[in-house]
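Reader: I am new to this kind of picture. Could you walk me through how to read it?

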Amino acid sequence: MKEKTPLTARSPQEAEANSPGRQAAALAAALLAALLVNVAMPGLESWRGHWWLLPFCLWPLFMAIQIAPRRAGWAGFVFGLAAWLGQLSWVTIVLGRYGGLPSWLSWIVLLLLAVYMALYNALFCRLLLALHRLWADFRPARAAMLALWAPPVVWTGLDALRGQLFTGFPWMDLGYGLFRVPLLLTPADLGGHHLLTFTLVLVNSLLALLPVVLRRSGLKALCAPTASALCLLVVLAGYSGMRQKETRAEIEAAQRASIGLVQANIEQDLKWNPAFKEETVTRYLGLSAGLAKDNDLDLLIWPESALPFYPQDDPLASRVAGFAARGPMLLTGAPFYRVTETLEGRVVQYFNGALLIGPNARVAGTYAKQHLVPFGEYIPLKRLLFFLKPLAETIGDFTPGRHSGPLAAPTPDGRELRPGVLVCYESVFPKIARNSTAQGANCLANLTNDAWYGRSSAPVQSLAMAVLRAVENRRSLVRAANTGISGLIDPLGRITGETGLFTEMAVADSLPLMHSVSVFTKVGHAFGLCCALLILPLLLPVLLRRLGQRAARRQFCMPARTGRP
């Protein structure tokens, strides 16, 4: 009877890992995986992404580790570099066209950012290789089980860390690629978008594992891991069906509010031009008046920095307040400042935020953006990054806000809208929307200015991440963007009133005001962090083995004692 080889035992292929042919094949497989990821994820306005590729797109990367184990880290790095250069190509538009940097420098910044992001992918592949070698002596069934579940744990954990380290950049994790498929988004109200990513990587892992286990260990070793993966998929599918039905019933029974948004399409080159600010206000008021005439609005939302001036000082603010006094309450993006008297003198702080203007033409509430955009609203490490001085002169320097609670917008008939505000980049961070919901927000408002991105993939990607904030917290979300893409999103992730890029539009819809609290809002937001913490016990045996091998080598190489004092 033929003896079966452990799943992760060193194979003849691994012994030949230095072969140039195998290295080239591994890198080609990594590039193929990157291509599939870029095709699967949403891109330009006309490219909505082939989401059905997501359960298969990482399979070539897993094969690359098998083909050339000694080049696993390089394969992961090449994959990440190619994938992130595609996903983040909009950086050159932001920094070069609108940020004032030379074109060559904006491309260098893009490359450096892609390199940083690719390091997580390289670490993922290197950790998998180390774990596979550790499990070489395990029984085939146990090794197969660990080999199946380790990739989604490690991948999701690294995604969570990337969202925290160095102020965090949790841009377009794999789970966001499903944003056009509401039925598949429902589990996000359990574990957030990280749970969607975990599930996608699990399916990729299973497909990559099947041929390897069959070849090395036989069909019997496949039974337990396959059954466990299918069990999770069936549970999530059942939950999706049940939760969709329950949420639809909640939506039907919930109080509703008529909310409108205005997309005035003010080009970034003109937005902060003092000679154009009156035209900007006129355009917003004209679109708003037409929308309010056709709809009995409870709340009207304008985008980030819709008022391109400080309302405390500019007479144009009275025109905006006069409109709010005659019509619905207005939530508008605007910069503002606060002056504080200290022992050292007057301190002036500038904020990028939102103002809620009530029927009495007074400001009923303010929100200051908490998570500022590095190199977009402030320059970190200014002394070290002195070469970015032109960018600093363009963007100014804002102070982060600290309040995350919702604003109060009561309606004349006694209903109370409590919108949780997300300004621009804040829709990328689940924590801010989750904190606002936990403090009583019954809807979410994302005010943004995506004109910086031009006609790139970033507006669609930003919309995708905003959709997940609605589903995670089971709240309606209104996304008002200066140049698009704007839209109204219900708690199931269904988008209505979606606008195109660089068009003038004003849309409204009746949205449910939900009060139920999702598992994600309570505890599920910790799912990604739990995956990150699980990496440590997975790696502990690897570290102990390495330390033992190093101690043995030192003992073996220690010179013999001669007996002399």
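Reader: How much accessible surface does the protein chain have, and what share belongs to carbon and sulfur atoms?

Author: Happy to start there. In this predicted model, the accessible surface of the chain is about 25000 Å². Carbon and sulfur atoms make up 63% of that area.

Reader: What percentage of the residues count as buried?

Author: Here 54% of the 565 residues are buried.

Reader: Where does a cis peptide bond occur?

Author: Look at the bond from Gly484 to Ile485, where omega is near 10°. Ile485 sits in the loop that links strand E10 (477–481) with strand E11 (487–489).

Reader: Which residues other than glycine have a positive phi?

Author: Met172 is one of them, with phi near 50°. Its loop runs between helix H7 (140–162) and helix H8 (182–185). Arg474 is another, with phi near 55°, and this residue lies in the loop between helix H16 (458–473) and E10.

Reader: Is Met172 buried or exposed? And why does Arg474 count as it does?

Author: Met172 is buried, because its relative accessible area is 3% and the cut-off is under 20%. Arg474 has 5% relative accessibility, so Arg474 counts as buried too.

Terms used:
Residues are numbered from 1 along each chain as its sequence is written. This is a predicted model: local features need pLDDT of at least 70, side-chain atom pairs count only at pLDDT 80 or more; totals for chains, interfaces and linings use all residues. Side-chain values use heavy atoms; hydrogens and water are left out. Buried means under 20% relative accessible area, exposed over 50%, partly exposed in between (1.4 Å probe, protein chains only). Accessible areas come from the Shrake-Rupley method with a 1.4 Å probe; for residues, only the protein chains shown count as cover. Helices (H or I, at least four residues) and strands (E, at least two) are DSSP runs, numbered from the N terminus.
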